[in-house]
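Dear colleague,

I am passing on the structure we spoke about, and below it you will find my notes on what turned up when I went through it. Please read them with the model open beside you.

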Amino acid sequence: MSKRVALVFLTLASPMVLGCFFIEHRASFWIFTLVSMTFPIALIALGGQRQGHLGPLRAPLAALWLLLLGSATAMLVLSGSGRQVGFLGGLPPATAVMLGLLWLAPLVLVGWAYAATFESFTLTEKDLERYEELRREQCQDP
């Protein structure tokens, strides 16, 4: 997701979500789900870009987006199904999906992505030397 796309989406997302609260239509649930599950992905993409590219974060962010969107969709489908069969400690199916797929799975996925891409987003010795050189040049200029 490019910086421009992320900024446009984040700008339009808030009014869209607010509009979903005032429009009582079944489609508003689906629009709210799509927008609210894409919102954190756009924020992470905006903050995780380095030199205009996501680099190794592209695949984990796509997986996180599919996980969030799929689990929120499953919650919508299961909450309207009328099924009261409890599993995962007697919880209703939509609640179990929320706890397992909207809370625990993204926590694990984001933690893994952070650990897997940590080296590529940290400063190297070459970066530090370049920074010191630029700092010395700026301090010498009147």
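Which helices each supply at least two residues of the lining of the largest pocket? Please bear in mind throughout that this is a predicted model. The helices in question are H3, which covers 58-79, and H4, which covers 93-117, and of the contributions to this lining that of H4 is the most, at 5 residues. The pocket itself, the largest in the structure, has a volume of about 190 Å³, and its lining consists of Ile44, Leu57, Pro60, Leu61, Leu64, Leu109, Val110, Ala113, Tyr114, Thr117 and Phe121. Sorted by class, that lining comprises 10 nonpolar residues and 1 polar residue, with no charged residues.

The second largest pocket has a volume of about 160 Å³, and the residues that line this pocket are Phe29, Phe32, Thr33, Ser36, Met37, Ala72, Met75, Leu76, Ser79, Ala94 and Leu102. Here H2, spanning 26-48, joins H3 and H4 in supplying at least two residues each, and H2 gives the most, with 5 residues. The class count for the second largest pocket is 8 nonpolar and 3 polar, again with no charged residues.

Phe22 is a member of helix H1, and Phe22 counts as exposed because its relative accessibility is 66%, where the cut-off for exposed is over 50%.

Turning to charged pairs, side chains of opposite charge can pair when their charged atoms come close. How many salt bridges does a search of the whole structure find? The search finds 1, between Glu132 and Arg135, whose closest N and O atoms are 2.9 Å apart.

With best regards

Technical notes
Residues numbered from 1 in each chain as written. Predicted model: local features only at pLDDT ≥ 70, side-chain atom pairs only at ≥ 80, totals over all residues. Heavy atoms only, no water. Helix = DSSP H or I, 4+ residues; strand = E, 2+ residues; numbered from the N terminus. Buried < 20%, exposed > 50% of the residue type's maximum accessible area, 1.4 Å probe, protein only. 1 Å grid on protein atoms, 1.4 Å probe; cavity = no way out; pocket = protein on both sides within 12 Å on 5 of 7 lines; lining within 4 Å. Points joined across faces, edges and corners; volume = space filled by probe spheres on them. Nonpolar A, V, L, I, M, F, W, Y, C, P; charged D, E, K, R; others polar. Salt bridge = Lys/Arg side-chain N within 4 Å of Asp/Glu carboxyl O.
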